[in-house]
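Dear colleague,

Please find below the structure that I am handing over to you. My notes on it follow directly after.

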Amino acid sequence: MSENTLKIEPVTDSTAPRPWMRRVLYAAAAYNLVWGAVTILFPESQFRLLNVSPLPNYPELWQCIGMIVGVYGIGYAIAARHPFIHWPIVLVGLLGKVFGPIGFAWAVMHQRLPLSFGLTCIPNDLIWWIPFSIILWRAIVFHQSSAENVLVSAPVRRFDPLGRILSNRGASLLELSRMHPVLAVFLRHSGCTFCREAVADIAEQRERIEATGTKIAIIHMGQKEPVELLKKYNLQDVHSFRDPSCSLYDAFGLRLGTIGQLMGPSVWFRGFSAWLRGHSAGAFDGNVLRMPGIFLLHDGEIVRAYRHRTAADRPDYAQLARLPESSAHQQQDSETPVASGQP
């Protein structure tokens, strides 16, 4: 068997909460409860400790803040049991820890608070930014991955999606690859700006692609066929594969992207550029974290592979559609008829 023969591999990405996430939220809960209790019972203690003068005229307002902070502590304790389920609590907490230092900076600029009072922002806000952000990101990954199994139940038995998932025209990728080379283009979710740009690029390069003898197949994660999008670019006659459970994506090694791959500076810049060219974003339909890719298949084997480094990559589809020299010779030999009477 060739080393490029497609093999179905199980997904190894774990989406379960890490133990440290629960510990962080329990620690935040304990800190908030203690800080809130001290502030309620001794409202002037922090001002005296940091030599802030004059003391507040209405300590009751500071006690109210202590009560709010303490209530957040109860929320963090609840979220610690299931961090990904109770992600809204973490999000609200993170927003408070971001806006708090911003409000303090405003107060310092207007000489309403001394700079020394900013020491309270370190344990109250700043040290929680990174762990809370990571928890929220992993919660997004968890919910996006769960959606694949909620929308489409996973098969009871393991199956080969290359030969079992059929296109809108009733053929599998395996069947198509045995008839002629196939450029399998895996798109991101249908609302992605780069997904729409990719379809436009494929339509523009279609003549060059098919001149090599290669046919085009589009794989997407949507529940429905993107009829309007394909019709817009006269691609309604190509084979289109619906894969909402991402079985084909898993089989071809297209995993979830990182923050940098999905939302890095270069991605934002390219997204704005694509938007200016008319490739506007749309409603999400599919896992927004999945990475795209392009594969040239021939006789059930991968002869070329391009896995995007970022969601904004814009490859040359026509170049990827060309068979390597060795594969091209093999295809030519197989198509040459044997003369009558020869052994």
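Which residue just after H4 takes a positive phi? That residue is Gln111, with a phi of about 55°. The model is a predicted one, in which local features need pLDDT of at least 70, side-chain atom pairs count only at pLDDT 80 or more, and totals for chains, interfaces and linings use all residues. Residues are numbered from 1 along each chain as its sequence is written, and side-chain values use heavy atoms, with hydrogens and water left out.

Helix H4 covers residues 87-109; helices here are DSSP runs of H or I with at least four residues, strands are runs of E with at least two, and both are numbered from the N terminus. From first C-alpha to last, H4 reaches 34 Å, close to the expected 33 Å (1.5 Å times one less than its number of residues).

The structure holds 14 aromatic pairs (Phe, Tyr or six-membered Trp rings with centres within 6.5 Å; stacked under 30 degrees between planes, edge-to-face over 60, tilted otherwise). Tyr72 and Tyr76 form a tilted pair, 6.1 Å centre to centre and at 45°. Both lie in helix H3, four residues apart. Tyr72 is partly exposed because its relative accessibility is 29%, whereas Tyr76, at 1%, is buried.

Phe186 and Phe252 also form a tilted pair, at 4.9 Å and 50°. This pair links strand E1 to the loop between helices H11 and H12, 66 residues apart.

With kind regards

Methods
Buried < 20%, exposed > 50% of the residue type's maximum accessible area, 1.4 Å probe, protein only.
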